[in-house]
Amino acid sequence: MVAKNRSVLILAAGKGTRMKSNLPKPLHAVCGFPILAHILKAAQALNPGAIGIVIGHGAQQVKQTVLDNKAAWGITAPVEFFEQTELAGSGSAVKAALPFLQKQESVLVLAGDTPLLKAQTLEEMYQAFENAKAGALVLAVKVPNPAGYGRIVRGENNDFKAIVEDADADAQTKKIDEINSGMYVFDSRALQQALAKLTPQGPKHEYYLTDTLSFIKQAGRPAVVFTSTDYQQALGVNSRVQLAEAAQIMRARINQYHMDNGVTLINPQDTYIDAGVEIGADTVIASGCYLLGSTQIGNNCTLESSVYITNSTIANDVTLKLGTYIEESEVAENCQLGPYAHLRPKSVLKKGAKVGNFSEIKKAVIGEGSKVNHLSYIGDTQMGAGVNVGAGTITCNYDGKNKHTTVIGDHVFVGSNVNFVAPVTVHEYAKIGAGSTITHEVAARGLAVARSRQVVLENKGVKKND
Ligand code: UD1
Ligand code: CA
């Protein structure tokens, strides 16, 4: 159900100076998704009638990234963009979205740099705001190190008095460890009236959104402090150090989720699973593994150390030995890979296939039960079932201009050190002698040997005194 009277505004125009980056701050990745994607997903969970995003620094890039990915991120609410031309603080950012505010009854305002926020908290904030019939509500948390954040200053009744920015705080205020998370819910009319009263503040002459809460209170509407003990979700990413901190916290959450679902992580501190990854129960994952993008892993799989998988699907009962590297590929049940196997994009391993030590597969189908066990390169290949590929076999798929296909039928036996010069087809039950360079079609059940005959010259071997 869409909550028509709820809306979300995300402030993502800031320069992110402390990141020292060409990439706009909202697009920096945390566990596989841009910071902004995490925020949008949490916002979407409220089922708002509309989402507004204020863009400025890197505006086009931020907008395009959202437009290109919002369906994949599950964002179904209509998204509108507002460009802030002069980056004069969070208050001026909200002002840039006045046409948005004018259409809304209430609005949840989020910063574009808090990837750890939780949908549950946003829901509780909105409910508390609605129950209190407040003019404004701010999410506050107590943090071990409040430096850099705006402090919540409370009045005599412990109610909200003001938010004082770090740059403007005196020594006494700096001691306050209750900080402004940068997440608020506002009555839209009250916010618009307060925005009109903002004046530039602080060393950078910025319009502080935080001042609107005091104005709303002065106008006689309740300004409520909503507290949460889960302070990590307020972590703002302003620097690379905070980016790493956010990633570490999110990683721990993701790993905990998988362990709760029956996945064994041998060393969770050294296991890197992106936010979109799915893993079945009784899968065991050793240390140093990276499971990235939209990867899905079945039940009962074993991943030895240093397995690296991006955007791939691994079925049940698969063993991935040490150092296996899989990109955009599909692996069916009961397959075995590695140690040190490499599946490049668009590779498909059918049931029970094996790709072993130092073998590389690219855009190839390895049929059911087929084996490529040692030191081979198989590219642009259609391989049937029950094929045995000997050590050191190479498909010569590239003629310097174009790629060509090798077709290997069911139950073909390929001896060691064979070259297939593509395009070439070997039909079922054929046998290829070791060391052959195959340039022509091989008929079903035929034996092809394509190498020069052995010559032995008598007494030309090692001399007695050599
Ligand atoms: C802000 C709050 C601070 C709070 C902290 C929480 C203000 C004045 N201060 O400080 O009280 O503790 O967040 O993380 O709001 N932005 C724009 N346009 C601008 C400036 C900023 O869109 O001109 C956006 C930024 O992209 C960012 C958000 O507003 O997503 C907050 O700005 P930032 O500069 O990070 O504010 P902080 O100094 O962290
Ligand atoms: Ca910030």
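Where is L375 found? In this predicted model, L375 sits in the loop between β30 (371-374) and β31 (377-379). With a relative accessibility of 54%, L375 counts as exposed, because the cut-off for that label is over 50%.

**Salt bridges**

Now for the charged side chains. Side chains of opposite charge can pair when their charged atoms come close. The structure holds eleven salt bridges, and the table lists some of them.

| Pair | N to O distance |
|---|---|
| E130 and R6 | 3.0 Å |
| K25 and D113 | 3.0 Å |
| D380 and K362 | 2.9 Å |

Take E130 and R6, whose side chains meet in a salt bridge. This pair links distant parts of the chain, with E130 in helix α5 (residues 119-132) and R6 in strand β1 (residues 3-12), 124 residues apart. How well covered are the two partners? E130 is partly exposed, at 31% relative accessible area, while R6 counts as buried, at 8%. There's a further member to keep in mind here: R6, E123 and E130 are linked in a network of salt bridges.

K25 and D113 also pair up through their side chains. Here K25 lies in the loop between β1 and β2 (29-30), and D113 in the loop between β6 (106-111) and α5; the two are 88 residues apart, so this is another link between distant parts of the chain. K25 counts as buried at 12% relative accessibility, and D113 is buried as well, with a relative accessible area of 13%.

Then there's the bridge between D380 and K362. D380 lies in the loop between β31 and β32 (381-383) and K362 in strand β28 (residues 360-362), so the bridge ties together parts that are 18 residues apart in sequence. Both ends are out of the way: D380 counts as buried at 9% relative accessibility, and K362 counts as buried at 10%.

**The second largest pocket**

How big is the volume of the second largest pocket? It comes to about 500 Å³. Of the 18 residues that line this pocket, H38, M250, R253, I254 and A275 are the closest to its centre. The elements giving two or more residues to the lining are α1 (35-44), α9 (240-260) and β14 (278-279). Helix α9 gives the most, with five residues. Sorted by class, the lining has ten nonpolar, three polar and five charged residues.

Note on methods:
Residues are numbered from 1 along each chain as its sequence is written. Chains are lettered from A and ligands numbered from 1 in the order in which they are written. This is a predicted model: local features need pLDDT of at least 70, side-chain atom pairs count only at pLDDT 80 or more; totals for chains, interfaces and linings use all residues. Side-chain values use heavy atoms; hydrogens and water are left out. Helices (H or I, at least four residues) and strands (E, at least two) are DSSP runs, numbered from the N terminus. Buried means under 20% relative accessible area, exposed over 50%, partly exposed in between (1.4 Å probe, protein chains only). On a 1 Å grid over the protein atoms alone, a cavity is a set of points where a 1.4 Å probe fits but cannot get out, and a pocket is an open set with protein on both sides within 12 Å along at least five of seven lines; lining residues have an atom within 4 Å of a point. Grid points are joined across faces, edges and corners, and a volume is the space filled by probe spheres set on the points. Ala, Val, Leu, Ile, Met, Phe, Trp, Tyr, Cys and Pro count as nonpolar, Asp, Glu, Lys and Arg as charged, and the others, Gly among them, as polar. A salt bridge is a side-chain nitrogen of Lys or Arg within 4 Å of a carboxyl oxygen of Asp or Glu.
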